[in-house]
Amino acid sequence: MAIKHAIGILETKGFAPLVLGADTAVKAANVDVVEWRQVGSGYVSFVIEGDVAAVRAAIDAATDAASRIGEVISQLVIPRPVDELDASFNRKTK
């Protein structure tokens, strides 16, 4: 697996803003979607990874796009996340 430089998380209320945000994030920068989750009470989130600048740009673009059609609950960029965070993702191994 490649070395991760950063992860980004976007949480929205409703699925449609999340899908638009994820689509925009992947188109805005060189990032990969790691997973998405149903948080509960209509909240959903996705996780992306890539280099720090790409993740920041992707999350900013995703936030702008998702907020146009729905409610953004939170956004987060973590540069150089600890390896233990990997275990919390539903990632398929190659």
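Is the crossing of H1 and H2 left-handed or right-handed? The crossing of H1 and H2 is right-handed, meaning that the near helix is turned clockwise from the far one by less than a right angle.

## About the model

This is a predicted model, where local features need pLDDT of at least 70 and side-chain atom pairs count only at pLDDT 80 or more, while totals for chains, interfaces and linings use all residues. Residues are numbered from 1 along each chain as its sequence is written, and side-chain values use heavy atoms, with hydrogens and water left out.

## Two helices

Helices (H or I, at least four residues) and strands (E, at least two) are DSSP runs, numbered from the N terminus. The axes of H1 (residues 15-28) and H2 (residues 52-69) come within 8 Å and cross at roughly 150°. Axes are lines fitted to C-alpha atoms, for helices over the stretch in contact, and angles run from 0 to 180 degrees between N-to-C directions.

In H1, residues including Leu 20 and Gly 21 meet residues of H2, among them Ala 62 and Ile 69; contact means heavy atoms within 4.5 Å.

## The sheet

Four strands form an open, antiparallel sheet in the order S2-S3-S1-S4. Two strands pair if DSSP finds at least two bridges between them. At the edges, S2 (32-40) and S4 (71-79) each pair on one side only.

S2 and S3 (residues 43-50) are joined by seven bridges, and Glu 35 has Val 47 in S3 as its bridge partner.

## Helices on the sheet

H1 packs on the sheet, touching S1 (6-13), S2 and S3. H2 packs there too, touching S1, S3 and S4.
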